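Here is a short note for a colleague opening this entry for the first time. Please keep the view open while reading the points.

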Amino acid sequence: MPAPESARSRLLETEGLPIMGVLLALVIVFMIAAPDVFLGYRIYMSFLATVPPLLVLAAALTLVIAAGEIDLSFPSVIALSGWVLAYFTHVLGSPWLGLLLALASGALVGWLNGILVARIGVPSIIATLATQFLWGGLTTVFSQGLSYALGEVDQYFLWHLLVGRVGAFPVQALWAFAVAASLYLVLNRHRFGEHLLFIGDNARVAEVVGVNVQRERTRAFVLMGVMAAFASVLLTFENRSFFNTQGGGYLLEVMAAVFIGGTSVFGGKASLVGTVAGSFIIGMVEAGLVATGLQGFWVRAVVGVVFLAAVIGHILIEEPERRSVFVRALRDRYDFVRKSSPGGGSTERRGAR
Amino acid sequence: MTEAAPNESAAVSFRHVVRLEKVEMTFGKVQALSNVDFAVGRNEIVGLLGDNGAGKSTLIKIVSGVLRPTAGEIWVRDRLLNLDRYSVRKAHDLRIETVHQGQSLGEKQPLWRNLFVGRQITGRFGFIDVKKEKEIADQLLRRAIGFRGHGINSDSTVRDLSGGERQGIAIARAMYFEADLIVLDEPTTALAVSEVRKVLAFVEGVKAGGRACIYIEHNLAHVYEVADRLVILDRGTVVGQFAKGEITLADLTARMIALHEGRKHAGT
């Protein structure tokens, strides 16, 4: 009996598997409810065009949260870097310089966050809340509250390289997957990622085992800033316009994508596979609900339900102690659970060890 | 206060693995250490004693590179350290390993990560050679610690381990990296009796292996059993040093109790 049990728990521990299942189930539900839309390829191409900025942001934020920190300032980087890209591409006549300066502006914001959090010791939730106001406000000042239309931006090769189409396939999806895959490797296979996990787990332990906590924390924020800038470039190019309020809607969606994906809010444990699935769940629910004929009003409520289900699911799967408490509570309440699953008793006792 | 002379053969190239001179440490207004001279000879086991708050942990954090002293000198193998550049990493390079009290391991991380964090086996661009780290970790778990048939392997997380097993991992890590000086900060706290014996056996193994050890411990009988020399700290200063032959366990106990009592009165 131990063998199938351990095989089962090994399967459950495969990174991101449960949440991938949720994503798949969601797609199937939509296919049944709105076959006209969800059995064609167009809707998926549309997702692959709109989800990338969200995915890039969520992937980077996953590393920040793994380190036990949070960054609330990235919506303002979306605005600031978008403005930098649009303005300097126009003024300098080179989208490459625009891109470079946009990424640099993101790095600068991230570095400042890093200084505030790692050196001065301001809690990241407060520091980045403040810098969100600062950079969002400055973007409005720089752009004088105007939006820019970038109608002719597709004359540039860079535009095609970043957000063009190969057939119907949006190129930005490749960039977003590349970012997610790279960050997966950084988190799980690189020294830097391991340091972030230890810092998130217990910063004092990280310090005594020789991790340069200040430096690695700062790097995490710089990475977040650069990635937010990159997401902004994808968004601004895809939309062919810059709004000084762009990015405002991303804060909660990105955090939801990360947490739905199973990354621990307490740090020290993170799943990039989960974040990818979480990003698509968040990105799909709205279009899916509208296509199934439900009113758009339902979107947030449904996201809330999926979110709660995912978070509770993660706790039950990944924390055996809590799972057994939960199962025991269920059993006390509904005695039939025991009768219907004779093997259940010993299984759960193992889990509780 | 006698400057203890550890047994050394004439051939060794250094006298002390580590020596602190006139070390001061202040945290804001709190003077944690004042004018501390402290040395560990080659192949010497030094028991560091003192009440809570006497400065033991501060002292060993200075030795292991976690804290930089406010003033004073640190000598490693009779060479003066540049304190601006001293760090945990540097201490590791100098083969000084520390098992910190209760918090040397990342609880949610697998054992293989815990064994190598801070000095990962990396290939190009800083990517970790996970396969190799796991291989070595599994060997260590089997041989050095004897986790056989517990269902514990390099992928187990620290959370799955008992207190003694955790201490075993931290100590095995120090052993694996072949430290010349191993610092143990209360390694037997919260351990079962049989596990305490394992830790004491390990300290004796350190001695037999020609290495040195700073051993912090509340249980006087345990320290007395393994230490060559005992150093007593009180309120941030060294108040006594004895070679084991110079004092009996009973006298040592009486002295520690007297210190404790004196402290209580001073505090009220």
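1. The structure is a predicted model, and local features are reported where pLDDT is at least 70. Side-chain atom pairs count only at pLDDT 80 or more.

2. Chain A in outline. Chain A holds 18 helices and 4 strands. It has 353 residues, and 45% of them count as buried. Of the contacts in chain A that join residues at least 6 apart in sequence, 76% are between residues at least 24 apart.

3. Helices H2 and H14 of chain A. Helix H2 of chain A covers residues 17-33 and packs against helix H14 of chain A, residues 272-291, with the axes 9 Å apart. How are these two helices oriented to each other? The angle between them is about 15°, and angles under 35 degrees count as roughly parallel, so H2(A) and H14(A) are roughly parallel to each other. Their crossing is left-handed. On the H2(A) side the contact involves Ile19(A), Met20(A), Val22(A), Leu23(A), Leu26(A) and Phe30(A). The H14(A) side includes Gly274(A), Gly278(A) and Gly288(A), as well as Phe280(A), Ile281(A) and Met284(A). By class, the residues of this contact are 11 nonpolar, 3 polar and no charged.

4. Helices H10 and H12 of chain A. Helix H10 (residues 191-201) and helix H12 (residues 213-239) of chain A have axes that come within 10 Å and cross at roughly 105°. Angles of 65 to 115 degrees count as roughly perpendicular, and H10(A) and H12(A) are therefore roughly perpendicular to each other. H10(A) contributes Phe192(A), His195(A), Leu196(A) and Ile199(A) to the contact. From H12(A) come Val213(A), Glu216(A), Arg217(A), Arg219(A) and Ala220(A). The residues of this contact divide into 5 nonpolar, 1 polar and 3 charged.

5. A sheet in chain B. In chain B, 4 strands make an open sheet with antiparallel pairing, in the order E2-E1-E4-E5. Which strands stand at the edges? They are E2 (30-41) and E5 (79-80) of chain B; each has a single partner strand, so one side of each is left without a neighbour in the sheet. Within the sheet, E1 (residues 16-27) and E4 (residues 71-76) of chain B are joined in the antiparallel sense by 5 bridges. Arg19(B) has Trp75(B) as its bridge partner in E4(B), and Leu20(B) has Ile74(B).

6. The hairpin at E4 and E5 of chain B. E4(B) and E5(B) run antiparallel and are joined by 2 bridges. Val76(B) has Arg79(B) as its bridge partner in E5(B). The two strands form a hairpin with 2 residues between them, and Arg77(B) in the turn has a positive phi of about 50°.

7. Helix H1 of chain B and Lys61(B). Helix H1 (residues 56-63) of chain B lies across E1 and E2 of chain B, at about 60° to E2(B). Lys61(B) is part of this helix. Is Lys61(B) buried or exposed? There are 22 C-beta neighbours inside 10 Å, so Lys61(B) counts as buried. Leaving out residues up to four places away in sequence, Lys61(B) touches Val66(B) and Leu67(B). Val40(B) is 21 residues from Lys61(B) in sequence, and their C-alpha atoms are 15 Å apart.

8. Positive phi in two loops of chain B. Most residues other than glycine have a negative phi. Glu186(B), which is not a glycine, has a positive phi of about 45°. Glu186(B) sits in the loop between strand E7 (181-185) and helix H6 (193-208) of chain B, and counts as partly exposed because it has 19 C-beta neighbours inside 10 Å. Arg235(B) likewise has a positive phi of about 45°. The loop holding Arg235(B) lies between strands E9 (229-234) and E10 (237-243) of chain B. With 18 C-beta neighbours inside 10 Å, Arg235(B) counts as partly exposed.

9. Contact of the chains. The contact takes 18 residues from chain A and 23 residues from chain B. On the chain B side, the largest share, 3 residues, comes from helix H2 (residues 88-93) of chain B. The residues on that side divide into 7 nonpolar, 11 polar and 5 charged.

Conventions:
Residues are numbered from 1 along each chain as its sequence is written. Chains are lettered from A and ligands numbered from 1 in the order in which they are written. Two strands pair if DSSP finds at least two bridges between them. Two residues are in contact if their C-beta atoms, placed from the backbone, lie within 7 Å. Axes are lines fitted to C-alpha atoms, for helices over the stretch in contact, and angles run from 0 to 180 degrees between N-to-C directions. A residue is buried if 20 or more other C-beta atoms lie within 10 Å of its own, exposed if 12 or fewer, and partly exposed in between; C-beta atoms are placed from the backbone. Angles under 35 degrees count as roughly parallel, over 145 as roughly antiparallel, 65 to 115 as roughly perpendicular and the rest as oblique. A crossing is left-handed if the near helix is turned anticlockwise from the far one by less than a right angle, and right-handed if clockwise. Ala, Val, Leu, Ile, Met, Phe, Trp, Tyr, Cys and Pro count as nonpolar, Asp, Glu, Lys and Arg as charged, and the others, Gly among them, as polar.
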